[in-house]
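Hello,

I am handing over the structure we talked about. Please have a look at it first; my notes follow below.

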Amino acid sequence: MKPKRSLVYFLLLSSLALAQHPSTHKKAAKAAPVTRPKADPALTIHQSALIVDTHADTPQRFLDENFDLGQNTPVAEGHIDLDKIRQGNLGAEFFSIWVEPEFKGHYSQRAMDLIDSVYQQAARHPDKMTMAFSANDIAQAHDQHKFAALMGIEGGHAIENDMRLLRDFYRVGVRYMTLTWSNTNEWADSSGDIQDPNVKHHNGMTDFGKDVVREMNRLGMIVDISHVSDATFYQALLVGQAPVIASHSSSRELTNQPRNMTDDMLRAMTNNGGVVMVNFYSAFIDENYRKASSDPEKIKQRDAEVDAYKKAHAHPDGSPVTYDETAAIEKKWATQFPRPPLKSLIDHIDHVAKVAGIDHVGLGSDFDGVTSLPEGIDSVADLPKITQALYQRGYTREQILKILGGNFMRVMREVEATAKRLQSERKESDALSFEDIELMVGNRVNSAQLTDRIKQHGINFELTPERQTRLKSEKVDDSVLEAIVKARKK
Ligand SMILES: [Zn+2]
């Protein structure tokens, strides 16, 4: 249908009027009230949102480059700084405490150094940012127009197989832990090396791994299933009592990356009540990019270049050359593949929203940890473009607010409530957990006292062969093991 000619003229004239600067046409301004350009509804939604991103690798820049969040960063060097955060209206970021496996023997120390680097940033910019440890903290920071910094450990190897370290990390403010990074650790399998026959796998998780999940629930540390193998994923859901998150994972149905989540996994997330925070990395959201960038010859050439750099720049103290130092090589290498369109990222958000449900999708950018981002997304300052794209696809204000942060806030509150419940239940129950026993062993409670306490309180766990081995390796007396078996039979 063609509009009538007069209507066409009217539209033409009014658009001309809008294009002209009002001060140069005082007559027109007097005749009609000043026409302000209509506010972009998507931008209005974006500016009103509490936006939470659950994964950025910036702490390596803080620590290894002495980068200050107050510095304005060229996008080729970094995706996040305070100015860009303000432009993107980011409310809260989970800074990743990623411990490179090369730090073997010093995992927890490296983690603590990264944790300190985040606190240092908050201390340097108290007027603009604050550390946050709970959903309420995030909301409060938002009310005060401050950016909230949180921390998540990426890679369970950081706890060095020690439950006490896990609790210590919670105490210093860590609020999620990715059970594995790309490396299988001693208690959970990773998707990163699941095909590698040289790696010792566990068919998912060991008993200790399952205890880690339980202890995280009790502490109120969110279980993060990004990076884990499929078996680890399903076991974590089975064992856990609180919703989980995928802090930075996309859809495997759309982009065939083993680190992405299948539709079946997405549906399992619905039942779990958790949330999948979609990763922005080009190779995880675009099949063309993934295929091009996984060319073995090209990867070989990149790895050789990185290795040569590492050799030439070896640290005199023997500490590993970090990812941060070689990132420039990897970024340059990545530029040979054309960036995917923004549409690819939006397709992933859309897909997760459809399969898992609108209450189970969010944003997990992986900023400062990836070498390529879709077109238009150069840094955190470009977050409004995601809202615009979602709005254009017909997402309502309410739905967009959920994706931008609402869903994550709900999960964080549920994890906090579960921890509260589990802690109060623990107080009421007298029976000793395996944890209690291990703690007493660690504190050198002698065998006679241990046996006494077991007789007195009873126990609430199964002494599996793995647990038995663990106690034996800690030189626990056979009399204690017998007492446990007897107490269980009661
Ligand atoms: Zn990661």
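**Strands and crossover**

Strand β7, helix α11 (residues 263-272) and strand β8 form a right-handed β-α-β unit. Right-handed means that, with the strands pointing away from the viewer, the path from the first strand over the helix to the second runs clockwise. Helices (H or I, at least four residues) and strands (E, at least two) are DSSP runs, numbered from the N terminus.

This is a predicted model: local features need pLDDT of at least 70, side-chain atom pairs count only at pLDDT 80 or more, and totals for chains, interfaces and linings use all residues. Residues are numbered from 1 along each chain as its sequence is written, and side-chain values use heavy atoms, leaving out hydrogens and water.

β7 (residues 245-246) pairs with β8 in the parallel sense over 2 bridges; pairing takes at least two DSSP bridges between two strands. Alanine 246 has valine 276 of β8 as its bridge partner. β8 also runs parallel to strand β9 (residues 361-363), joined by 3 bridges. There, valine 278 is partnered with leucine 363.

Which way do the residues of β8 (residues 275-278) point? Val275 and Met277 point one way, Val276 and Val278 the other, and all are buried (under 20% relative accessible area, 1.4 Å probe, protein chains only; exposed is over 50%, partly exposed in between).

**Aspartate 211**

Aspartate 211 sits in helix α9 (residues 207-219). Aspartate 211 is buried, at 9% relative accessible area. Contact means heavy atoms within 4.5 Å. Leaving out residues up to four places away in sequence, aspartate 211 touches Met163, Phe434, Arg467 and Arg470.

Best wishes
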